[in-house]
Amino acid sequence: MADKTDELLTNYYSGVIDTKILLRRSELQWRPNDDNAGIKSLNKHTRPLEDMLARYEADSILHELTKQRGAIKRLETTFSEETRQIVQMHYDRRERLSWVVISLRMNLSERTCRTYQKTFKDSVAQTFNELDIAV
């Protein structure tokens, strides 16, 4: 991995971020909520759905992961379909395509494919710096 932006994009396109979000939600859902362990309260209201949503909202890890995924998703829409395909093929580690294969599939030169990928990566890094999102 070259840097943190590359790692983030690899995680996004390989489905790792989505998996981390689902895992974190399931951890929060099944974590026992013991406010007053051992003390029974007569006026305690049980609102499991509201309590679970409050835990989702308060969790900083889940919040950061969803911010990362949302920012990349929004940024993707600003680029051409060709650039999106090149970036997806390059960063998706499930297939592990080389630049030669990517250039052949896209019918472009390797250098052009690398330029598209670098432009996208630089945009992601700049956007994350501007939005103060952890990489």
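Buried means under 20% relative accessible area. Ile72 has 0% relative accessibility, so Ile72 counts as buried. This is a predicted model, and Ile72 is found in its helix H4, residues 60–76.

What is Ile72 in contact with, leaving aside its neighbours within four places in sequence? The partners are Leu8, Leu9, Tyr12 and Phe128. Thr127 is 55 residues from Ile72 along the chain, yet their C-alpha atoms are separated by 9.0 Å.

## Two helices that cross

Two packed helices are described by the angle between their axes and the distance between the axes. Helix H6 covers residues 99–106, and helix H7 covers residues 110–131. Their axes are 9 Å apart, and they pack at an angle of about 100°. Angles of 65 to 115 degrees count as roughly perpendicular. H6 and H7 are therefore roughly perpendicular to each other.

H6 brings Trp99, Val100, Ile102 and Ser103 to the contact. H7 brings Glu110, Cys113, Arg114 and Gln117. By class, four of these residues are nonpolar, two are polar and two are charged.

## Positive phi in two loops

Most residues other than glycine have a negative phi. Arg96 is not a glycine, but has a positive phi of about 55°. Arg96 lies in the loop between helix H5 (81–91) and H6. Its relative accessibility is 60%, so Arg96 counts as exposed.

Asn107 also has a positive phi, near 60°. Asn107 sits in the loop between H6 and H7. At 70% relative accessibility, Asn107 counts as exposed.

## Salt bridges

How many salt bridges does a search of the whole structure find? The search finds nine. One of them joins the side chains of Lys121 and Asp3, at 3.4 Å from N to O. Lys121 lies in helix H7 and Asp3 in the segment before helix H1 (4–14), so the pair ties together parts 118 residues apart in sequence. Lys121 is buried, at 17% relative accessible area. Asp3 is partly exposed, at 33%.

Arg69 and Asp18 form a salt bridge too, at 3.1 Å from N to O. Arg69 is in helix H4 and Asp18 in helix H2 (residues 16–30), 51 residues apart. Arg69 is partly exposed at 22% relative accessibility, and Asp18 is partly exposed at 34%.

Lys118 and Asp122 meet in a salt bridge of 3.2 Å, N to O. They are four residues apart in helix H7, so about one helical turn separates them. Lys118 is partly exposed, with a relative accessible area of 48%. Asp122 is partly exposed as well, at 35%. Elsewhere, salt bridges that share partners join Asp3, Asp6 and Lys121 into one network.

Notes. Residues numbered from 1 in each chain as written. Predicted model: local features only at pLDDT ≥ 70, side-chain atom pairs only at ≥ 80, totals over all residues. Heavy atoms only, no water. Axes fitted to C-alpha atoms, helices over the stretch in contact; angles between N-to-C directions. Parallel < 35°, antiparallel > 145°, perpendicular 65-115°, else oblique. Contact = heavy atoms within 4.5 Å. Nonpolar A, V, L, I, M, F, W, Y, C, P; charged D, E, K, R; others polar. Buried < 20%, exposed > 50% of the residue type's maximum accessible area, 1.4 Å probe, protein only. Salt bridge = Lys/Arg side-chain N within 4 Å of Asp/Glu carboxyl O.
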